[in-house]
Amino acid sequence: MSVPGADPGPAFVDDLFARLLIDDAWALRDERSFSWWPHRVVQRVHAEEAVGQGDAAASRVHVETDVLFADSVTLRQAGVLADLLRYPPLAGFVVDREDGVVRLWSAGLVTRETAPVALGFLSASAALQAIYAEGGREGLEDELGLPAARSEHPRSCSRPHPDGMLDLLSARIAPEGAKDSRFTDPADWIAAAGALGPFGARAEASPRGLDARLPFLDPLEGTHPLGPRASALLQARHGERHPEMGAGVFLRLFLPSDAAPASADVALNLNLKERDVPFAIDATGAWTLESPEASFEFGTLPGAPRLCYVRFVPNALHLPGLLSALAADMARRADATREHLHEVVSTE
């Protein structure tokens, strides 16, 4: 139960609205949410009712943007969407069968303490969602054979010109990404490895980043719970560049191949489950299919793609100590995924 005045949701929604410099003529607002039209599609932000008390009160805040109209997607269409999420725009695709819309979605669990960091991530995610939805709509429409989403403000009607926020990628994120990665401090990587200790992980920092094994499946008799068949693998790398955002850091959480079928529909179902169930503190990445980097020390060999949660943080969002929080979030995601995975595996 929340206590009066402790709910961080409404204030955060107001702060996010102000951070995005939204023109009231293209918005609809209430206490816990707003919708607005950056150009041809609608973006929605809403804060769930808070749980907890006092400074610990937390509200999960969602950002989502319409991309395509579709009641369902075929396996081929799911494969195209999942492949795009190998380099996610701080968000993931969800197929909302109830509304008949494919959306980009992200979320953060906001408390008084985490609000400043969450504001940076969710404002960047909101901008990137709108940029990707507007810039990729025609290409996705042609590739998938699904109509691009389109809507208009109920009073102001169709917006004739795009909002200036759609320049964020080219104006700030890409120029920062043209530099070397800001996520290279060895002390930060050592701290990130240490942050995984409470989760029962085996973790090791190295000049290229971080490798860790996290308990996931019950091990077979005579095998170790952190062996390759039973454990999830976390790999974080700062040397790889995002095609649009440039330098930063990639974190990838690979499920063991025995955990679930490595299929695009399961990946998209996991994205939807994360939206509907509060999986972890932060959801600014996406489930997709990916192959891990070979690592002799961690028993990882090249092979077929497997279910993988990918999170990329661009240089523009670098903060001191952020790597430890990112690693811990991925460990919490592994715990939550283990609990809910059976609910999303298709039986058809």
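Q: With axes taken as lines fitted to C-alpha atoms, for helices over the stretch in contact, how do helix H5 (residues 186-195) and helix H7 (residues 322-340) cross in this predicted model?
A: Their axes come within 8 Å and cross at roughly 30 degrees.

Q: Why are H5 and H7 called roughly parallel?
A: Angles under 35 degrees count as roughly parallel. The crossing here is at roughly 30 degrees, so H5 and H7 are roughly parallel to each other. The hand of the crossing is right-handed.

Q: Which residues of H5 and H7 meet?
A: From H5 come Asp-188, Trp-189, Ala-191, Ala-192 and Ala-195, and from H7 Leu-323, Ser-324 and Ala-327. By class, this contact has six nonpolar residues, one polar and one charged.

Q: What makes H1 oblique to H3?
A: Helix H1 (residues 9-19) and helix H3 (residues 115-144) have axes that come within 10 Å and cross at roughly 45 degrees. The roughly parallel class needs an angle under 35 degrees, and the roughly perpendicular one starts at 65. That leaves H1 oblique to H3. Their crossing is right-handed. On the H1 side the contact is made by Phe-12, Asp-15, Leu-16 and Arg-19, and H3 brings in residues including Ala-115, Leu-119 and Gly-120. Six nonpolar, two polar and two charged residues make up the contact of H1 with H3.

Q: Why are H3 and H4 called oblique to each other?
A: H3 packs against helix H4 (residues 168-177) at an angle of about 125 degrees, with the axes 11 Å apart. Roughly perpendicular covers 65 to 115 degrees and roughly antiparallel needs over 145, so oblique is the class for H3 and H4. H3 passes H4 in a left-handed crossing.

Q: What residues make the contact of H3 and H4, and how do they divide by class?
A: H3 supplies Ala-124, Ala-127, Leu-128 and Ile-131, while H4 supplies Leu-168, Leu-169 and Ile-173. They divide into seven nonpolar, no polar and no charged.

Q: What makes Glu-49 and Arg-32 a salt bridge?
A: The rule asks for a side-chain nitrogen of Lys or Arg within 4 Å of a carboxyl oxygen of Asp or Glu. The closest N and O atoms of Glu-49 and Arg-32 are 3.8 Å apart, so the pair forms a salt bridge. Glu-49 lies in the loop between strand E3 (43-47) and strand E4 (59-69), and Arg-32 in the loop between strand E1 (27-29) and E2, so the pair ties together parts 17 residues apart in sequence.

Terms used. Residues are numbered from 1 along each chain as its sequence is written. This is a predicted model: local features need pLDDT of at least 70, side-chain atom pairs count only at pLDDT 80 or more; totals for chains, interfaces and linings use all residues. Side-chain values use heavy atoms; hydrogens and water are left out. Axes are lines fitted to C-alpha atoms, for helices over the stretch in contact, and angles run from 0 to 180 degrees between N-to-C directions. Helices (H or I, at least four residues) and strands (E, at least two) are DSSP runs, numbered from the N terminus. A crossing is left-handed if the near helix is turned anticlockwise from the far one by less than a right angle, and right-handed if clockwise. Contact means heavy atoms within 4.5 Å. Ala, Val, Leu, Ile, Met, Phe, Trp, Tyr, Cys and Pro count as nonpolar, Asp, Glu, Lys and Arg as charged, and the others, Gly among them, as polar.
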